[in-house]
Amino acid sequence: MGTYFAIGLVFVGCCSNVVSLELLVREFPGCGNIVTFAQFLFIALEGFIFEANFGRKKPAIPVRNYVIMVTMFFTVSVINNYALNFNIAMPLHMIFRSGSLIANMVLGVIILKKRYSASKYLSIALVSAGIFICTVMSARQVNVANEGSEEQGFHAVMHWLIGIGMLTFALLMSARMGIFQETLYKQYGKHSKEALFYNHCLPLPGFLLLSTNIYSHAVYFSQSTPVVVPETGLTVPIMWVYLLVNVITQYVCIRGVFILTTECASLTVTLVVTLRKFLSLIFSILYFQNPFTAWHWVGTAVVFLGTLLYTEVHSSLHAALRGPSVKEKKAE
């Protein structure tokens, strides 16, 4: 029951979160900082009450290690959301972040001296090719959308390239954080809920650096179209409603992934998250009518094919199908 409940949380929470984020970004493309701050604040408050027991519980992992992890986590979260300011469409944003396998493998080889099978390298090549196709097609759309003067087109493309650079940096930083987290868990044991709390609590002072941007968007949100809250008769600006939905769904998504990691093998978790990304992408394209050409579909298919190859789904299915017959032979 726990597994199905967790899968339900992941699909409902994460897919709803993407929808609410797109609703926010379409109205105010520069609202990434206030969204990140709201998510961090909510999860930190929940963790302070239920995990840290109002600060009375001593952390199992030394706080100095969390400071390093938090610096990376805060940087990744802010840059990923801020990249949306640079003409990065939501579908490309989702596809690009699906390339985490590439970054993990590259840094695993460089830092941990890992070696992988030929199928793993092939899967990474497929993911890289898929992201490259989608990125090039998106670059062409930026050019088409800015056909005014040559100078305007050049500035639009350069603006977009900065966003791509930010996503690439965040991808590598996220992979480095994963490796650091892996070494910490080997040394001190797994404490996922504790890490979730400290990863969201310790960075909160860092948002003071972004306070001007956060405040200005809070003002913009307050000036948005008011809507009536059912049963209460209260009127609330619609952007605050979208933000509240985004924060709650982000929490549901993270909790679902956490429960899933305790209930299932890592392969299952990867498959569920990958399928969730694919459905979010499809919904974003169809519902919000984001521009998506045939080449984008090809690139997306190649990315997910590479991801499934990396997780060795074919081997797992083959083993599952052969399992009963092998057991019967042993019984005989």
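Predicted model: local features only at pLDDT ≥ 70, side-chain atom pairs only at ≥ 80, totals over all residues.
Two packed helices are described by the angle between their axes and the distance between the axes. Helix α2, spanning residues 32–50, packs against helix α3, spanning residues 63–82, at an angle of about 140 degrees, and the two axes lie 8 Å apart. The arrangement of α2 relative to α3 is therefore oblique, and the crossing of these helices is right-handed. On the α2 side, the contact involves G32, N33, T36 and F40, which meet F73, F74, S77, V78, N81 and Y82 of α3. The residues of this contact comprise 5 nonpolar and 5 polar residues, with no charged ones.

Aromatic pairs in the structure number 13. One of them joins Y66 and Y198 in a stacked arrangement, with 4.8 Å between the ring centres and 15 degrees between the planes. Because Y66 belongs to helix α3 and Y198 to helix α8 (residues 192–201), this pair ties together parts that are 132 residues apart in sequence. Y66 is buried, at 0% relative accessibility, and Y198 is likewise buried, with a relative accessible area of 12%.

A further pair, formed by Y82 and F86, is edge-to-face, with a centre-to-centre distance of 5.9 Å and an angle of 65 degrees between the planes. Y82, which also takes part in the contact between α2 and α3, is partly exposed at 32% relative accessibility, whereas F86 is buried at 12%.

An aromatic cluster is formed by F37, F40, F73, F74 and F207. Among its members, F40 of α2 and both F73 and F74 of α3 also belong to the contact between these helices.

Definitions and conventions:
Residues numbered from 1 in each chain as written. Heavy atoms only, no water. Axes fitted to C-alpha atoms, helices over the stretch in contact; angles between N-to-C directions. Helix = DSSP H or I, 4+ residues; strand = E, 2+ residues; numbered from the N terminus. Parallel < 35°, antiparallel > 145°, perpendicular 65-115°, else oblique. Left-handed = near helix turned anticlockwise from the far one by under 90°. Contact = heavy atoms within 4.5 Å. Nonpolar A, V, L, I, M, F, W, Y, C, P; charged D, E, K, R; others polar. Phe/Tyr/Trp six-rings, centres within 6.5 Å; stacked < 30°, edge-to-face > 60°. Buried < 20%, exposed > 50% of the residue type's maximum accessible area, 1.4 Å probe, protein only.
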